[in-house]
Amino acid sequence: MNRRVIIVGAGPAGLMAAGKAGERGCDTILAEKNDRVGKKLLISGKGRCNITNSTDVEGLIENTPGNGSFLYSAFYTFSNWDLISFFNEHGLETKVERGGRVFPLSDKSSDVVETLMRYVRKNNVKLFLKSPVQDIKVKDNKVKSVVFADGREIECDSVVLATGGVSYPGTGSTGDGHRIAKNLGHTIVDLKPSLVPLVTEEQWVKELQGLSLRNVSVTLLNKNGKKVYTDFGEMLFTHFGVSGPVILSSSRHALDYNYKDLKLIIDLKPALSEEKLDKRIQRDFEKFSRKQFKNSLDELLPKKMIPVIINLSGIPPEKQTSQITREERRTLVRLLKNLELNIVASRPVKEAIVTAGGISTDEINPSTMESKLVKGLFFAGEIIDVDAYTGGFNLTIAFSTGYLAGINC
């Protein structure tokens, strides 16, 4: 009789693991609690699905601040370039965009899910939809069977838990796998939001809600003024604080400080030194010398931002630009180069892109993804205590660990 494998969770890690197990000739069952596969995958990358990144393996590790070194085996066994080749060979064309982000040529996440489903079907995987798993039974420290919520029990040789984290619970990621693993003796490292918008103390952000800034530099400082993280790119103001790519990546480092006692410094004009920015402002003031200060910044800043900057600068809005002192101008320059926000919290984990924390990597064999505590139990994807920045890195982790679990389960 063929080896029977049950994969729990039909996200990227579970689909890859199921396809590989089926390809090996295993009698493979893919169990999914939802009525469809890949629900989180479908909304990833704003519906475009940032499959992976075109960097090298060291780049993948560097962009995985949450236990990146645990993934050396996974990344070298099935790298990002192997993943790109996999999709290309299975009929999905890809393209590389800014920052090495890899997307399907069609810009449709549904094409990614369909490609994975074709792969799963081709390898005779049995798909059980609307089939939440309640428990895994173990005998003599080895996986024996899987118990479903409806009472069905199916014997098997191994199980791959690929149920995701606890972010975006509407997609089915509600911590089921962590509960099951904990019952089997595994340690669950505290589950926290990562790649999550940040909440600020300052209320003026509400006036900028919806404003997106490109090509800004952000720096995160701890309460001692030490630089925690710096990044360059795009950010967004919200009614509660800040979001956008550079903020989401910096949030991973804010997590280490429990999202408290941190300052976010925004450089609105990173291409200009203070001296050059001062000269630029002088030219604008000369050009608009007959205007009031409040009407002199249109060429320098987005319209929505002008009232906020004027207020923070302390320069009277009605003051003629020709009357603005050198010191007032310098204050404006410093403000534009060092716009300060105090971070007081993160948004809840349900709004996070990924979950930090999960099954302790100390209890998983990095070469196979098998549990060190229970024979025949494997883990893949976000359920593990690994997490990365935005840019396709978290999906790479899911696919690579799914592949490793699939060839070893």
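I started with E382, which forms a salt bridge with K40, the closest N and O atoms being 2.9 Å apart. The two sit in distant parts of the chain, 342 residues apart: K40 in helix 2 (residues 39-43), E382 in the loop between strand 19 (377-379) and helix 12 (393-408). I took helices (H or I, at least four residues) and strands (E, at least two) as DSSP runs, numbered from the N terminus. I counted as a salt bridge a side-chain nitrogen of Lys or Arg within 4 Å of a carboxyl oxygen of Asp or Glu.

Before going on, I noted that this is a predicted model, where local features need pLDDT of at least 70 and side-chain atom pairs count only at pLDDT 80 or more, while totals for chains, interfaces and linings use all residues. Residues are numbered from 1 along each chain as its sequence is written, and side-chain values use heavy atoms, with hydrogens and water left out.

**Salt bridges**

I looked up the burial of E382. At 18% relative accessibility, E382 counts as buried. The cut-offs are under 20% relative accessible area for buried, over 50% for exposed and partly exposed in between, with a 1.4 Å probe and protein chains only.

Next I checked E97 and R48. Their side chains meet in a salt bridge at 2.5 Å, N to O. E97 is in the loop between strand 4 (94-96) and strand 5 (101-104), and R48 is in the loop between helix 2 and strand 3 (52-53), 49 residues apart. E97 is partly exposed at 29%. R48 is partly exposed too, at 24%. I also found a network of salt bridges that links R48, K95, E97 and D107.

Then I turned to K263, which pairs with E340 in a salt bridge, the closest N and O atoms being 3.3 Å apart. K263 lies in strand 16 (residues 262-267) and E340 in strand 17 (residues 339-346), so the pair ties together parts 77 residues apart in sequence. K263 is partly exposed at 30%, and E340 is partly exposed at 38%.

The count of salt bridges comes to 26.

**Second largest pocket**

I read its volume as about 340 Å³. Of its 19 lining residues, R98, R101, D231, F232 and P245 are the closest to the centre. A pocket here is an open set of points on a 1 Å grid over the protein atoms alone, where a 1.4 Å probe fits, with protein on both sides within 12 Å along at least five of seven lines; lining residues have an atom within 4 Å of a point.

Strand 13 (212-221), strand 14 (227-237) and helix 8 (245-254) each supply at least two lining residues. Strand 14 gives the largest share, 5 residues.

I found 123 residues in the largest nonpolar core, and M235, F237, I266 and L268 have the most contacts inside it. Helix 12 gives the largest share of this core, 8 residues. Such a core is a set of buried Ala, Val, Leu, Ile, Met, Phe, Trp, Tyr and Cys residues joined through side-chain atoms within 4.5 Å.

I listed the contacts (heavy atoms within 4.5 Å) of M235. Leaving aside neighbours within four places in sequence, they include V246 and I247. Both V246 and I247 are among the buried residues of helix 8.

Helix 8 is largely enclosed by the rest of the structure, because 9 of its 10 residues are buried. What covers these buried residues includes strand 11 (188-194), strand 12 (198-200), strand 13, strand 14, strand 15 (241-243) and strand 16.

Technical notes: Grid points are joined across faces, edges and corners, and a volume is the space filled by probe spheres set on the points.
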